[in-house]
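Reader: I'd like to learn how to read a model like this feature by feature. Could you walk me through it?

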Amino acid sequence: MAVFARMTKGQVRFYSAPLDMVIPASKKKYIPTSGTYPKGFSVSGTHVGVKASNTKFPDLALIASDTPCSAAAVFTTNKFQAAPVQVSKEVLEKRQGQGIQSVVINSGCANAVTGRGGYEDAVSMGATVDKCYSLNEPSTLVMSTGVIGQRLPIDKILSKIPTAHSNLSSTHNAWLTTARAICTTDTFPKLLSRSFTLPSSPGRTYSLAGMTKGAGMIHPNMATLLGVLCTDAPIVPSALKSLLSHAVSRSFNSISVDGDTSTNDTVALLANGAAGGAPINSTSSDDYAAMQEILTSFAQSLSQLVVRDGEGATKFVTVRVQNSPDYESARIIASTIARSPLVKTALYGRDANWGRILCAIGYAQGVAPGTVIPERTSVSFKPVDGSPILKLLVNGEPETVDETRASTILQDEDLEIVVDLGGGEKGDKGLGGEEAVYWFCDFSHEYVTINGDYRT
């Protein structure tokens, strides 16, 4: 893995995100070499130098539609909501999810806990973009990411917004550069695109593209992440909001790196209808059901890139909780396992310490009564190579674990943990068949190093 050393307080520190933005060899496979992007959208990534140490890399992103869009967003639940979160909420509420033209994002400074001045800075960012389109009403969503508690170098940012607008492009390279512009401790830009059809127009091709950022301070609701998804399908605001909420609950709100929730998290979805066809305006239509499946699957793939880039992470772990009486209880249990430091450090150490998994299941708070019954609970490791699962616990009874095989399984980058609340293959399946999936990573020495030196 590509690293760089930095002298701090007399110590040599090693990081996974190099200052020269060279992408680690192990992460290059996640970067698309081409894409299919939605009609009517263009993007740009521009260098501002929000952080003085950034002398050449893009840190201002602009995503824009040729025509006004339907828009929806999901925001952080942190009580210290950053100024751009407040401003974007207000814009969406005032416009009732209609007439949104663009999204502007800066990295390098979160503009969080910055008082009235920070709020005015966020307003100015949106207003300056609107001016490029000769718009009199706020029509731009604003996002920021970076260090909390510092004011933006707002004059530098505002002066570069016209440049960002003039550089708008619909090429793959432009999308990739824009995805890079929103990165902070990320080691690679996170970008996906996909084409699809809808039942009402089987001969019409639609496209969906999305970029996200995040590597640390990741845990619902939500995490230190930003995401922008764009589609050229026609979707009315009410349906768009419902579609996004469902997708985020099963993607961006089902990932964890370190159990912390940030102040700036925003995932926005824009639909401009540029590809034509009948608008999706009913949650009971076939088009809505198809779009829900497409969007949720896409959001899951995009959010998983955040976990794969977890600060200092060496493993990508799926935890699947099966046979729960309800989805929410399964989700709570999966989330509890995902944020357990003891589970995460055991996985980093390639230690099949299933007792830590069981402990997390047992202390999960808020699950429905009767969900967790020890005599019905089973835990297994499922290898990604298709070989048989390794049973650790079956119906509350410990298995004789082949430690050599367990260690071999844990050497792989990917791993799936399966928790069966209905007793596994021997037990009574009467508890129900609801399932929840979470994605998380391990804790390594490097995570502490990265975050110990984050501001310096």
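This is a predicted model: local features need pLDDT of at least 70, side-chain atom pairs count only at pLDDT 80 or more; totals for chains, interfaces and linings use all residues.

Reader: Which residues does the UniProt annotation "binding site" cover?

Author: UniProt positions are given in the numbering used here, with feature names shortened, and annotations may be inferred rather than shown by experiment. Here the unreviewed entry lists Thr-184, Lys-213, Thr-224, Glu-311, Asn-451 and Thr-456.

Reader: Where does Thr-184 lie, and what does Thr-184 touch?

Author: Look in the loop between helix H4 (172-181) and strand S7 (190-198) for Thr-184. A contact means heavy atoms within 4.5 Å. Leaving aside residues up to four places away in sequence, Thr-184 touches Ser-107, Gly-108, Thr-145, Gly-146 and Lys-213.

Reader: Lys-213 turns up there too. Is Lys-213 buried or exposed?

Author: Buried means under 20% relative accessible area, exposed over 50%, and partly exposed in between (1.4 Å probe, protein chains only). Lys-213 is found in strand S8 (residues 201-213) and counts as buried because its relative accessibility is 1%. Thr-184 has 27%, so it counts as partly exposed. For the protein chain, 55% of the 456 residues count as buried.

Reader: Which side chain does Lys-213 join in a polar contact?

Author: A polar contact is a pair of N or O atoms within 3.5 Å; within protein, one must be able to donate a hydrogen and the other to accept it, and residues adjacent in sequence count only if both atoms are side-chain atoms. The side chain of Lys-213 pairs with that of Thr-145 at 2.9 Å. Another case is Ser-254, whose side chain reaches the backbone oxygen of Ser-249 at 2.9 Å. Ser-254 sits in the loop between helix H5 (237-249) and strand S10 (255-256), and it is buried because its relative accessible area is 0%.

Reader: How do I read a cavity, and which residues line the largest cavity?

Author: Rolling a probe the size of a water molecule over the atoms shows where empty space is left. On a 1 Å grid over the protein atoms alone, a cavity is a set of points where a 1.4 Å probe fits but cannot get out, and lining residues have an atom within 4 Å of a point. The largest cavity is lined by Val-343, Ala-346, Leu-347, Asp-351, Ala-352, Asn-353, Ile-357 and Phe-381. Helix H8 (residues 341-348) gives the largest share of that lining, three residues.

Reader: Last one: what is the phi of Val-113?

Author: Val-113 has a positive phi of about 55°, although it is not a glycine. Find Val-113 in the loop between strand S5 (100-109) and helix H2 (115-132); Val-113 is exposed because its relative accessible area is 52%. Asn-395, also not a glycine, has a positive phi near 50°. Asn-395 lies in the loop between strand S14 (390-394) and strand S15 (397-398), and at 17% relative accessible area, it is buried.

Notes: Residues are numbered from 1 along each chain as its sequence is written. Side-chain values use heavy atoms; hydrogens and water are left out. Helices (H or I, at least four residues) and strands (E, at least two) are DSSP runs, numbered from the N terminus. On a 1 Å grid over the protein atoms alone, a cavity is a set of points where a 1.4 Å probe fits but cannot get out, and a pocket is an open set with protein on both sides within 12 Å along at least five of seven lines; lining residues have an atom within 4 Å of a point.
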